[in-house]
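Have a look at it first, and then we'll go through it piece by piece.

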Amino acid sequence: MSKGFLISIEGPDGAGKTTVLQQMLPALEALGREIVTTREPGGVSIAEAIRSIILNPENTEMDDKTELLLFVAARRQHLMEKILPPLERGALVIIDRFIDSSIAYQGFGRGLDVDDINWLNAYATDGLKPDLTLYFDIDVEEGLARIACNASRDVDRLDMEKIDMHQRVRQGYLSILEKESDRVVRIDASQDLATVTAQALAMIEEKLKV
Ligand code: TYD
């Protein structure tokens with residue numbers, strides 16, 4: 001049986017990664033292996049329940065460490081139920097946000113200790129890291145403007161954060177990119193959707209060949 005393959009897609013809010021994933025699906029399905037797509041926080045019922053607590057705009061009193069621990073708890077449950085079984089069957093699993101979101105948002109964005117978060121991530125995933133991470137990079141103001149234009153997208157508690165938090169999140173991603181250039185590749189998400197989709201697909205196909 002062929003080995004499973006785990007890809008995460010990451011980026012600041014409004015980078016368009018979720019839309020690109022939808023656009024890539026037909027081509028990915030044509031590769032002839034099982035494809036599973038999922039998202040964090042959520043993906044399974046316990047994690048979706050945690051998601052609604054984390055993202056509820058009314059939960060303004062939430063402490064930063066509580067927020068981190070909830071994301072990590074949701075990650076563990078999601079991994080056990082939705083990621084490991086298909087990986088064990090040899091599937092290509094694509095996850096919309098994973099460990100790097102905690103580093104970028106709770107570490108760089110909220111200012112929590114990055115070493116602690118690395119440890120918590122490793123604890124929650126038993127050390128599993130993606131084989132490939134596509135980082136959709138976009139200027140913060142452009143990303144937030146896209147969200148504002150998208151009437152179908154609800155504004156959540158994280159979206160409501162001030163612009164300087166979003167700037168720090170982007171710096172966080174750029175720092176991960178620099179440190180883990182073997183795993184993480186940058187895609188310029190300010191380009192048009194067709195170009196971004198084609199580049200993302202090419203990167204996945206390239207990696208699957210290895
Ligand atoms: P979501 O609606 O899925 O946003 P997006 O479409 O931008 O992925 O909401 C997820 C929010 O949660 C997003 O603002 C990023 C944030 N987040 C963290 O802060 N830490 C994490 O570990 C994860 C997985 C997400």
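Which residue in β4 does E10 stand opposite? E10 faces Y135 there. A word on ground rules: this is a predicted model, where local features need pLDDT of at least 70, side-chain atom pairs count only at pLDDT 80 or more, and totals for chains, interfaces and linings use all residues. Residues are numbered from 1 along each chain as its sequence is written, and side-chain values use heavy atoms, with hydrogens and water left out.

**The sheet**

- Five strands make an open sheet, in the order β2-β3-β1-β4-β5, and the pairing is parallel. (Strands are DSSP runs of E with at least two residues, helices are runs of H or I with at least four, and both are numbered from the N terminus; two strands pair if DSSP finds at least two bridges between them.)
- At the edges sit β2 (35–39) and β5 (184–188), each of which pairs on one side only.
- From one strand to the next, the twist averages 20°.
- Strands of a sheet pair through backbone hydrogen bonds, either parallel or antiparallel.

**Strand β1 and its partners**

- β1 (residues 5–10) pairs with β4 (residues 132–137) in the parallel sense, over four bridges.
- On the β3 side, β1 runs parallel too, joined by five bridges.
- Six of the six residues of β1 are buried, so the strand is largely enclosed by the rest of the structure. (Buried means under 20% relative accessible area, exposed over 50%, and partly exposed in between, with a 1.4 Å probe and protein chains only.)
- Both faces are covered, with F5, I7 and I9 buried on one side and L6, S8 and E10 buried on the other.
- In a regular strand, side chains alternate between the two faces of the sheet.

**Helices on the sheet**

- Helix α7 (residues 163–179) lies across β1, β4 and β5, running at about 140° to β4. (Axes are lines fitted to C-alpha atoms, for helices over the stretch in contact, and angles run from 0 to 180 degrees between N-to-C directions.)
- Helix α8 (residues 193–209) packs on the sheet as well, touching β1, β3 (92–96), β4 and β5, and its direction makes about 165° with that of β4. (Contact means heavy atoms within 4.5 Å.)

**Helix α3 and its neighbours**

- α3 (residues 64–88) packs with α5 (residues 114–125) at about 25°, their axes 8 Å apart.
- That angle makes α3 roughly parallel to α5. (Under 35 degrees counts as roughly parallel, over 145 as roughly antiparallel, 65 to 115 as roughly perpendicular and the rest as oblique.)
- Among the residues that meet here are L68 and V72 in α3, and I117 and L120 in α5.
- Helix α2 (residues 45–55) packs with α3 at about 160°, again with axes 8 Å apart.
- That makes α2 roughly antiparallel to α3.
- Residues in this contact include I46 and I50 of α2, and L70 and F71 of α3.

**A buried glutamine**

- Q106 lies in helix α4 (residues 99–109).
- At 1% relative accessibility, Q106 counts as buried.
- Leaving aside residues up to four places away in sequence, Q106 touches E67, L68, F71, S101, G111, L112 and I117.
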